[in-house]
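Here is a briefing on one protein chain. Keep the sequence and the structure in view while you read.

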Amino acid sequence: MLKNAGSAFSKASLQSLGMPEVQNPFARLVQPKVDREPFNAPPRSWITHLMRQGIEKLSGDCRLVFVLALGCGLRWGEIVSLTWENVLPDGVRVPASLAKGRRARVVPVGKRVQSILEAARGEGAVISADSKEIHKTLCSWLKEHGVKDSKPVHFLRKCYGSLAVADHGIYIASKLLGHASISLTASTYAGQVDKLPAVKF
């Protein structure tokens with residue numbers, strides 16, 4: 001709103017009104033846009049070790065949340081709203097009604113994640129226990145295992161995103177993560193994007 005109000009008092013607008021000496025009263029209120037801090041991804045070996053640890057040591061709904069966040073890159077809201085009918089044999093379908101930005105997508109899964117989901121398959125919601133308790137338990141477990149991020153569960157999604165960018169490039173990673181634009185993926189995973197390989201002839 002302040003930005004729109006400021007444009008009405010821009011230098012060009014004031015000059016066209018014949019008031020070039022009037023100062024824009026909104027100029028100091030509009031803060032400059034700051035680029036988001038890119039994700040500082042841990043090494044692949046650390047991420048794969050964390051995945052093994054989570055699969056071995058976590059159980060029940062806590063394990064499912066862990067696998068859906070790190071193995072599929074789902075957001076917390078997508079995980080707790082997911083139903084078993086959207087868990088396909090080879091992937092997880094995120095309907096537009098559950099997705100941020102209302103962009104439906106199907107996230108393919110690897111054999112390890114697929115076997116865990118199939119073993120736990122049931123009826124109705126994938127996460128049936130109290131979501132607040134699960135979140136609390138999983139955050140504690142992640143902090144004990146070296147995750148220092150202020151949003152430990154979302155950190156798992158970002159780890160997935162960093163591997164997706166490294167393995168498949170920024171465009172496919174953006175689709176897998178369900179980002180509204182490729183520029184969001186690029187700014188979040190700038191560290192991976194900047195590691196450019198040589199073109200081979």
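The points below cover helix packing, the sheet and salt bridges.

This is a predicted model. Helix α4 takes part in two helix contacts described here, one with α3 and one with α6. An open sheet of three strands has antiparallel pairing. A salt bridge ties Asp-167 to Arg-44.

**Helix α3 against helix α4**

- Helix α3 spans residues 44-57, and helix α4 spans residues 60-72.
- Their axes come within 10 Å and cross at roughly 160°.
- That angle makes α3 roughly antiparallel to α4.
- The crossing of these two helices is left-handed.
- On the α3 side, the contact residues are Ile-47, Leu-50, Met-51, Gly-54 and Ile-55.
- They meet Arg-63, Phe-66, Val-67, Leu-70 and Gly-71 of α4.
- Sorted by class, the α3 contact with α4 has seven nonpolar, two polar and one charged residues.

**Helix α4 against helix α6**

- Helix α6 covers residues 111-120.
- It packs on α4 at an angle of about 150°, and the two axes lie 10 Å apart.
- α4 is therefore roughly antiparallel to α6.
- α4 passes α6 in a left-handed crossing.
- From α4, the contact uses Arg-63, Leu-64, Val-67, Leu-68, Gly-71 and Cys-72.
- Facing them in α6 are Val-113, Ile-116, Leu-117 and Ala-120.
- By class, the α4 contact with α6 has eight nonpolar, one polar and one charged residues.

- β1 (87-88) and β3 (105-108) stand at the edges.
- Each edge strand has a single partner, so one side of each is left without a neighbour in the sheet.
- β1 and β2 run antiparallel and are joined by two bridges.
- These two strands form a hairpin with two residues between them.
- Within this pair, Val-87 stands opposite Val-92 of β2.
- β2 covers residues 91-94 and pairs with β3 in the antiparallel sense over four bridges.
- Val-94 has Arg-105 of β3 as its bridge partner.
- Arg-93 stands opposite Val-106 of β3.
- In a regular strand, side chains alternate between the two faces of the sheet.

**Salt bridges**

- Side chains of opposite charge can pair when their charged atoms come close.
- The count for this model is four salt bridges.
- One of them joins Asp-167 to Arg-44, with the closest N and O atoms 2.5 Å apart.
- This pair links distant parts of the chain, 123 residues apart.
- Asp-167 sits in helix α8 (residues 152-168), while Arg-44 sits in helix α3.

**Where to look**

Methods. Residues are numbered from 1 along each chain as its sequence is written. This is a predicted model: local features need pLDDT of at least 70, side-chain atom pairs count only at pLDDT 80 or more; totals for chains, interfaces and linings use all residues. Side-chain values use heavy atoms; hydrogens and water are left out. Axes are lines fitted to C-alpha atoms, for helices over the stretch in contact, and angles run from 0 to 180 degrees between N-to-C directions. Angles under 35 degrees count as roughly parallel, over 145 as roughly antiparallel, 65 to 115 as roughly perpendicular and the rest as oblique. A crossing is left-handed if the near helix is turned anticlockwise from the far one by less than a right angle, and right-handed if clockwise. Contact means heavy atoms within 4.5 Å. Ala, Val, Leu, Ile, Met, Phe, Trp, Tyr, Cys and Pro count as nonpolar, Asp, Glu, Lys and Arg as charged, and the others, Gly among them, as polar. Two strands pair if DSSP finds at least two bridges between them. A salt bridge is a side-chain nitrogen of Lys or Arg within 4 Å of a carboxyl oxygen of Asp or Glu.
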